[in-house]
Amino acid sequence: MRVIPRFLNDLIVGDVQADRVVPPSGFTARLTTFAAGAMAFLAVFALALSLASGRLATRWGDELAHSSTLRISAPEGQMADQTAAALRLLLTTPGIEAARALSDEEQRALLEPWFGPDLPVEDLPVPQLIEIQETQEGYDAAGLRLRLQAEVPGAVLDDHNRWRRPLEQAAGRLRLLGWVSILLIAATTATIITLAANAALAANAQVIAVLRLVGARDSYIAQAFVRRFTLRALLGAAVGVVVGLGAVLLLPAAQAEGGFLTGLGFQGGGWLWPVLIPPLAGLVAYFATGHAARRTLSELD
Amino acid sequence: MIELDNTAYSYGGGELLSNISLKLAPGSFHFLTGPSGSGKTTFLKLCYGALVPTSGHVRLFDQDVREMDRDDHAMARRRIGVVHQDCQFLDHLPIADNVALPLMVSGRETLENHSNLKELMHWVGLGNRASALPPELSGGERQRAALARAVIMSPDVVLADEPTGNVDWEMSQRLLQLLIELNKMGKTIMIATHDLNLIRAAKSKVQARVLRIANRKLQLAGADL
């Protein structure tokens, strides 16, 4: 991108004199900075939402994709036989890496949240659960079901697809929503800055007329406005990002169970994303103001 | 350098100027007279491309104004110094910066030009007013500053609209002297004025032609002055 070096040059080296020819504006300048800050703050949260739901989708996908559960309901006497038969069958099925019957303690732990700690599991007709670990390739679920039907009539295979799919989909949608929000925030920032730049250009009509009279080119006049608005957006967005990150840090930490809302935040390299927000805001302001200035100036005589 | 060919201009109503043809040769010195409202300012605006003729052609430095884009106009204005009747400045910058504005916007603000600026400010009698803001200046001071701003780029042409309207006789003589010296350096000068004394004073020092606008036409005034 050729644009970037020119952008940086205009901004840093700039033309300090071009900046001087436009009278300083106190109040509207602060409004632009504030708007950029507020937008950056919101962008931090949209970003956190996108990244968190992205992580969630991946986790559900990874952890659940390669595991299934076999549930065996059988009369008291046949339970052990059927379980053994099922395990034998599973271990000879291609695509299954490991299969393990859950112990009574493990089953009790699973039921505990619903029935309390004093549940006499032994006295209840609780089905036996078998945890299945698949290989990367996975197994043929339909084929396995047929074989189970023949050999272990009380077995029900749950390959998790039924409830994993909608969850994964929901997380994916949430991530998409986050990115759309970020795009909308960028567009709104561009709109606000365009409006502010138009107001500034209109307020400085006499200055522009004088500059044109003495032979200033449109690009020179535009530069004065562009530099100003770009710096305001940069500054505002930087403050907004710092405040936004502070707010994210203050959110309660994620629970061990990986609750959804409390998992909102950044992890590892994700912390680098918000750093990109101020330069992006500056870039948006640079193009928005440049466009507004060129259009306004071309309509003058 | 500035060429009007069968040019006419109307502001919507009837024509204010019609059938005007004129070639401003390099190094010429013109006065432009006529009753107020006759179109002197409009004529000058046609000469620096601020107005596009409603019919006919205006050429600035061999370029038709209708074919010039905005950057071409900016470039042409660096070669044409203009002094308006109501001079406008950047009110937040001191007068010295305003005078140096043409250098600033064309990126020619050099050290050498800086000393020229000081000299020029003294020449127009604003040496000790350099740091004043434009709204603090009197009408005469504003006109002198506008003239200084118009000539600082050493333009090929200087167009001045009533440059001596608000200054006393002595100062008007000094301004005239400055314009005459610029003319002797080869610049083309056109001064719109109704001050006949000024024209008479100039005629003794420089070969000036007097143009008169009357009845929408541009005429060469005779030796009646």
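Which residues in helix 7 of chain A meet helix 10 of chain A? From helix 7 of chain A they are Ala186(A), Thr189(A), Ala190(A), Ile193(A), Thr194(A), Ala197(A), Asn198(A) and Leu201(A). This is a predicted model.

**Helix 7 against helix 10, chain A**

- The partners in helix 10 of chain A are Ala281(A), Val284(A), Ala285(A), Ala288(A), Thr289(A), Ala292(A), Ala293(A) and Thr296(A).
- Helix 7 spans residues 161-203 of chain A, and helix 10 spans residues 277-299 of chain A.
- Their axes lie 8 Å apart, and the packing angle is about 40°.
- Angles under 35 degrees count as roughly parallel and 65 to 115 as roughly perpendicular. Helix 7 and helix 10 of chain A are therefore oblique to each other.
- The crossing of helix 7 of chain A past helix 10 of chain A is right-handed.

**Nonpolar cores**

- The largest nonpolar core holds 114 residues.
- Ala40(A), Ala197(A), Phe225(A) and Leu159(B) touch the most other members of this core.
- Helix 3 of chain A (residues 27-65) supplies the largest share of the core, with 14 residues.
- Ala197(A) also belongs to the helix 7 side of the helix pair in chain A.
- Setting aside neighbours within four places in sequence, Ala197(A) is in contact with Phe225(A), Phe229(A), Ala288(A), Thr289(A), Ala292(A) and Ala293(A).
- A second core is separate and has 11 residues, among them Leu70(A), Leu90(A), Ile132(A) and Leu144(A).

**Sheet in chain B**

- Six strands of chain B form an open sheet in the order 6-7-8-3-9-10. The pairing is mixed.
- Strand 6 (80-83) and strand 10 (217-220) of chain B are the edges, each pairing on one side only.
- On average, neighbouring strands of this sheet are turned by 20° against each other, direction ignored.
- Strand 3 (residues 29-33) and strand 9 (residues 209-214) of chain B run parallel as a pair, joined over four bridges.
- Opposite Arg212(B) in strand 9 of chain B stands Thr33(B).

**Contact between chains A and B**

- Chain A puts 17 residues into the contact, and chain B puts in 17 residues.
- On the side of chain A that touches chain B, helix 2 (16-20), helix 8 (205-213) and helix 9 (218-250) of chain A are the elements giving two or more residues.
- Helix 8 of chain A gives the most to that side, with six residues.

Note on methods. Residues numbered from 1 in each chain as written. Chains lettered and ligands numbered in written order. Predicted model: local features only at pLDDT ≥ 70, side-chain atom pairs only at ≥ 80, totals over all residues. Pairing = 2+ DSSP bridges. Axes fitted to C-alpha atoms, helices over the stretch in contact; angles between N-to-C directions. Core = buried A, V, L, I, M, F, W, Y, C linked by C-beta atoms within 7 Å. Buried ≥ 20, exposed ≤ 12 C-beta atoms within 10 Å, placed from the backbone. Contact = placed C-beta atoms within 7 Å. Parallel < 35°, antiparallel > 145°, perpendicular 65-115°, else oblique. Left-handed = near helix turned anticlockwise from the far one by under 90°.
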